[in-house]
Every structure is written in structure tokens, then in C-alpha cells.
Amino acid sequence: MPRSILPLAVSAFAVLAMPAGAATLVVDANGQLLGATEVDVSGTLYDVEFLDGTCASLYNGCGLNDVPFPNASAALAAASQLRIQVFLGSVYDTEPELTNGCENTKRCFLYAPFRDGIFDIGMTVFRNRSGSGDATYTTDLATFDTTFSSDIAWIKWSLTPPPDADGDGVADANDNCVLAGNPDQRDTNGDGFGNVCDADLNGDCIVNPLDLAIFRSAFFGPGPDEDFDGDGVVNTADLSYMRTAFFEPPGPSGVTTDCSATN
Ligand SMILES: [Ca+2]
Ligand SMILES: [Ca+2]
Ligand SMILES: [Ca+2]
Ligand SMILES: [Ca+2]
């Protein structure tokens, strides 16, 4: 334990009786535990990474508003859930060197920073000490460096991003084409279905020969509703969008329930 780390308080730890949702472990090809996704802390989902470095390098300077937890008890609650959902009962609880940032075969301490003044740090110690207690420490929050310690690593906490099925950066709940990449969300007729998933040109919730007739009359023009891919001209590329959607409803869209009966 570095000399700069002074234990302030050690409180008895009791495993919560109600385990929360199961996190998904992130393990690399060598079997090293890099972190986990969807760690459930009182209904809020976090992705975590185990990393060496300074809090400043992990948290954009590690100022008061940069670290996720406001106080020691919040950090403890989060770390406790991490312990329950990731470590307890797994090989990573008994083989500490398998956790990224730790090389020591006997112990690994993972630290969760909390906001308690810029120069305070909250560290919840929990590897291989489960059942014996957690400890709160203070040190220089921003500059404390785990890099040269074989048995200490940081936990970097990030809110789990909301689901984004098509990976276009727009969360499903806000995406006007949930299954078609359209970061620009272009929707020229304003019906809540983005153009890339809206070949239903007459708005009757089915793409069929009636829409094809409308499309034909717009061929080689600028559209815009018939310009599904948004390149400024209605052409064969757009026709292929229509083909894919033929006899299907528009969407699915996260922003309208129109046509939901047919979706
Ligand atoms: Ca999306
Ligand atoms: Ca989309
Ligand atoms: Ca539309
Ligand atoms: Ca139609």
C-alpha cells in the first residue's frame, strides 16, 4: 500500500441480499478481464473498465464533476454491485492476476473514485477481501498513479449507452429508422420514418405497387421523398431501397407509433 494512501475509515461490508442484473464480462483473447458492461447499480447501468494510470487520465482531469460518484457510500454501493455481478463465484475472484492492471497473484485492489473534494479519493477495496471489509482512503485524487503498482488498478465507470441497434449513433428510442443507419435522420415528408426506411410514399403503411408508381414518376428527379439515400437524385440506388422494403411497412421507427399495427 503506497504511503500516500491513508485509511480514513473501514466499515464492515455486508453482501447485499438482492443481487442485481447480471453484467457481461469483457475478456480479451488472453483471458484478461478488461471490464464489464451493464453493471446494474440501483437500476442505473454502467460499463466499467479496469485500467492503470491516474484518475486524471481516466476522467478527463478528474475534477469535481468528472468522477461519477458523489460520495463514499455511492462508490461503495457501485463497487459492491461490481463485486457481486462480476467477481464473486468467478475465476477472477480467485486469480487476481487475470484482472487488467493487476499482475500480483495474491491480491488486486480496484479503486472507485468519488467526488469528495478535488484532492480526496474514495477507493473501494474489494478483490480477495470480500467478506472481510471495504476501506475508504483519501489521497491526491487526480495524480495517484496505479501504473507501477502490481496490485492496484482503477475502475473506470461510464454510463452504459442506450441501445442503438443499427450503430448509427442515434439511440433506438430517438432513431427514425431503428434498423437502418441514418445519422442525419433525414425525413423529408416529416412522418417520423426516415427516408432510408420510408419507401411507403402514399402513407398507407405498406410498400407496394402504388408506391412504385409514385416512385417511377419521380425517377431521375430530385425527389425529395423518393430520394431514399439522400444523394440528391432519385435513381436505381433508391429503387433498391424500395425493393428491399417491398410488401413491408415503413420503419421500424423509434419516434412514431404510426403503422405499428403492421410493424
Ligand atoms: Ca440507431
Ligand atoms: Ca437509424
Ligand atoms: Ca418519412
Ligand atoms: Ca404505400
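Good morning. Of the 263 residues in the protein chain, 39% are buried, a residue being counted as buried if 20 or more other C-beta atoms, placed from the backbone, lie within 10 Å of its own. What I present is a predicted model, in which local features need pLDDT of at least 70, side-chain atom pairs count only at pLDDT 80 or more, and totals for chains, interfaces and linings use all residues. Residues are numbered from 1 along each chain as its sequence is written, while chains are lettered from A and ligands numbered from 1 in the order in which they are written.

Let me begin with the overall pattern. The protein chain contains five helices and seven strands; these are DSSP runs numbered from the N terminus, helices being H or I of at least four residues and strands E of at least two. Along the sequence they follow the pattern β-β-β-β-α-α-α-β-β-β-α-α. Taking contacts between residues at least 6 apart in sequence, 56% join residues at least 24 apart, where contact requires C-beta atoms, placed from the backbone, within 7 Å.

I turn now to the sheet. In which order do its strands lie? The order is 2-3-4-7-5, in an open sheet of five strands with mixed pairing; two strands pair if DSSP finds at least two bridges between them. Strand 2 (24-27) and strand 5 (109-111) are the edge strands, each pairing on one side only. On average, neighbouring strands of this sheet are turned by 25° against each other, direction ignored.

We may follow the pairings from strand 2. Strand 2 runs antiparallel to strand 3, with four bridges between them, and Val 26 has Gly 35 of strand 3 as its bridge partner. Five residues separate the two strands in their hairpin, where Gly 31 takes a positive phi near 85°.

Strand 3 is in turn joined to strand 4 by five bridges, again in the antiparallel sense. The hairpin of strand 3 and strand 4 has two residues between the strands, and Ser 42 takes a positive phi near 50°.

Next, six bridges pair strand 4 (residues 44-51) with strand 7 (residues 152-159), also antiparallel. Here Tyr 46 stands opposite Leu 159 in strand 7.

Finally, which strands does helix 2 lie across? Helix 2 (residues 72-87) lies across strand 2, strand 3 (33-41), strand 4 and strand 7, and runs at about 115° to strand 3. Such angles run from 0 to 180 degrees between N-to-C directions, with axes fitted to C-alpha atoms, for helices over the stretch in contact. Thank you.

How values were computed
Two residues are in contact if their C-beta atoms, placed from the backbone, lie within 7 Å. A residue is buried if 20 or more other C-beta atoms lie within 10 Å of its own, exposed if 12 or fewer, and partly exposed in between; C-beta atoms are placed from the backbone.
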